[in-house]
Amino acid sequence: MTSFRTRFLGSGLIGLLTLAAVVAGPTARATSAPATPSVELTGQPAWTTLGDDVTFRLRVRNAPPGLEVRATVYSAVLSRIAFERTLDGERLGSRIGSRSGVVDALPLVGTSHLLTIGTQDPRGPSDPQRIRLNVSDGGSAGVFPVEIELRDPTSSKVFDHFVTDIVAVRKRTADEVPSEPLQVAWLWHVTTTPTAPVSPTSLAADPSLASAVAVNGRLDRIARALGEVGDVAITLVPSPATVDALDDLAKPPVAVDAAKATAARAVSVLAALRTASASSLVLASAYTPVNGPGLLSAGLGEAFDTTTATGRSALESGLNGVVDHTTAAPQPLDDATLTRLRDQDGTTRFIVAPGDLTSASGADQYTPARPFQLQTPVGTFDALEVNALTTDLLRKRGADALRAQQTLSALSVIALEQPNRTRGVVIDTPLLWDAPPARVEAMLAGLRDHPLLQGAAVTDLFGSVQPATTGRKPYTRNLAPVSDRTAPVTPRQFRNAQREIDGLGSMIGAHEPLVGQLRYQLLLSLAGRTPGTGPKIARERLDSIHQAVAAIAGKVTAPASRTVTLTSRRANIPLSVENSTQRTVRVRVSLVSQKLTFPQGSDRVVVLPPGKNKTESFDVSARASGTFPVLITWSSPDRGIDLQRARYTVRSSVVSGVGLILTIGAVVFLAGWWLTHWRRSRRARAAIST
């Protein structure tokens, strides 16, 4: 028995060890497998003069000894379509030269290896050590794709590669007229959307905002990028709700050390926004990003007007400056939205996303880079289309230096389509933009002194670029149908919350901070187009509004019933009401009775001191005696909130003046009748006795 048990246990142990080895084997092999070698662009000149050197900064990872980096230069692209085909490394065109170097032998600066290519102006003498870059006849510049590979020179195996571009500009002679730079309007969105309903008493209570303003948080990165803008013209599209939240977060008093640090970060971000807005164009917008067609389709036109007007005023006060309300950033548009923005806010110029327009042949064979007429049944508007290629490149994942250079190269190709004509394009960033510092820095540096490109505000494009025409007539486009017409709240939900807020304002004061915060919460319930919004979040926000109002309204109480006895025709009814809040509250008291009159009125606004009970007396006059009810209503002064209803019982033993006269008359009549009857009876008896 013992021997069998020993053999059984031994076999089981061996089996477990074998199984463990089988399971651990792949893991161990995966852990020990070498990482794939890679190469990444960390920097290069945005442009170069023909004949100068071009140095590529490259970060090479996991490269075994002996690998080399090869840069192959191809002939200049002649159109935007040709440029797009080079981005993925296919259809690169004719090879005109290459340079390579073993990774270990390349100069190293920091963590980047340097690979330098010497360029040659084709008008100069031939130099075999430099690559001859031919620009088109009569052209001033060219965009040359460069494929950079990390490869094994022995086997020619390519481990990694990417395509960037050299933008080469010919030296201009003294009498040569410079070409017109392409105006580039770059929209910077500064928005944060709370991921959960914030406290009804503070816009800054959501932790996502604290995370965004923290060091290296999303808003912190944008703030630091704003500090690098310098003389490059950009267009700011800040969310008014974000500006309000930053201002709220930075307000004293701040008692907790962690909160103090967050408040300091908010102050820094808001200061950067204010500084940038002083020198940059700021576009007005709704208080928070909304789906205008959805709100208007749901019957929330007044709410849309409110969020638009509030957004503009919030930006002007929060940034201490003037915002442009005549030009609108990309947003969902339909005829009703256009009409509302034009009539309510004076907006007549629109930046339109490509997907919001119907397909149409271009005004010419070139990239759209001029304003056009947006034709609608409700009128004609000036419009600009966001450039899809450069916007997508700037947003695309990948090495920051590479994406910035590809964006600048694409813009250069567009500029070279018509170098002697003033044109402009719009680049848009995501609503919840997370600005990569290296990418933004490279873009700003490239725009700062680029001979083919110039940063501009969107209003500059409308003002200085001649509108597109076809056949000597304005070039027109049409809006595409709106696919999403949903609203996060219903008109009834919105109106009920608005009524409660108005009622609270009439109770504690319309300018009280709490009332203002709740109004902002109501506007936030309209939010759409970003994560963290929608019907569920909107309902939670409306619930938080109701709870905040109820926290005050529920602490104003009075007896639900009571019996009052009147002992005279003119008397008074005492009404007691208690205010358990810690603030002064105003309430309206109304009395209704069919058997009482109120010489000094049956409706009165009463001021209740904090934390106290107050008795208010109403003069009454009884119309009759008996027992009858008096209905009493306590409400907000504007009657928007019913605080409490009560039914008092009144007992009156008082005879009215008319009743008293009738009673006396009846007594006199009866007395006269009795006296007359008595006399007649006496005479009759006397006559009988005689």
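# Salt bridges and helix packing

Me: Which residue does Arg-312 form a salt bridge with, and how far apart are the closest N and O atoms?
Reply: In this predicted model, Arg-312 forms a salt bridge with Glu-316, and the closest N and O atoms of the pair are 3.7 Å apart. In general, side chains of opposite charge can pair when their charged atoms come close.

Me: And where do those two sit relative to each other in the helix?
Reply: Arg-312 and Glu-316 both belong to helix H8, which covers residues 301-319, and because they are four residues apart there, about one helical turn separates them.

Me: OK, how many salt bridges does the structure hold?
Reply: The structure holds 29 salt bridges. One of the others joins Arg-370 to Asp-364, with the closest N and O atoms 3.1 Å apart. Arg-370 counts as buried, at 11% relative accessibility, whereas Asp-364 counts as partly exposed, at 26%.

Me: Which residues are linked in a network of salt bridges?
Reply: Glu-40, Arg-59 and Arg-61 are linked in such a network.

Me: Changing topic, where does Asn-387 lie?
Reply: Asn-387 lies in the loop between strand S17 and helix H10 (388-395), and with a relative accessible area of 8% it is buried.

Me: What is Asn-387 in contact with, leaving aside its neighbours within four places in sequence?
Reply: With those neighbours left aside, Asn-387 is in contact with Thr-367, Ile-414, Val-425 and Val-426. Thr-367 is 20 residues away from Asn-387 along the chain, and the C-alpha atoms of the two are separated by 8.7 Å.

Me: Now the helices: at what angle do H15 and H16 cross?
Reply: The axes of helix H15 (residues 513-524) and helix H16 (residues 535-553) cross at roughly 160° and come within 9 Å. That angle makes H15 roughly antiparallel to H16, and the crossing is left-handed.

Me: Which residues make that contact?
Reply: On the H15 side the contact is made by Leu-514, Leu-518, Gln-521, Leu-522 and Leu-524, and on the H16 side by residues including Leu-542, Ile-545, Ala-548 and Val-549. The residues of this contact divide into nine nonpolar, two polar and one charged.

Me: And are H14 and H16 roughly parallel or antiparallel?
Reply: Their axes cross at roughly 30° and come within 10 Å, where helix H14 covers residues 491-508. Angles under 35 degrees count as roughly parallel, and H14 and H16 are therefore roughly parallel to each other. The crossing of H14 and H16 is left-handed.

Me: Which residues are involved in that one?
Reply: From H14 the contact draws on Gln-493, Ala-497, Glu-500, Ile-501, Leu-504, Met-507 and Ile-508, while the H16 residues include Arg-539, His-546 and Ala-553. The residues of the contact of H14 with H16 divide into ten nonpolar, two polar and two charged.

Notes: Residues numbered from 1 in each chain as written. Predicted model: local features only at pLDDT ≥ 70, side-chain atom pairs only at ≥ 80, totals over all residues. Heavy atoms only, no water. Salt bridge = Lys/Arg side-chain N within 4 Å of Asp/Glu carboxyl O. Buried < 20%, exposed > 50% of the residue type's maximum accessible area, 1.4 Å probe, protein only. Axes fitted to C-alpha atoms, helices over the stretch in contact; angles between N-to-C directions. Parallel < 35°, antiparallel > 145°, perpendicular 65-115°, else oblique. Left-handed = near helix turned anticlockwise from the far one by under 90°. Contact = heavy atoms within 4.5 Å. Nonpolar A, V, L, I, M, F, W, Y, C, P; charged D, E, K, R; others polar.
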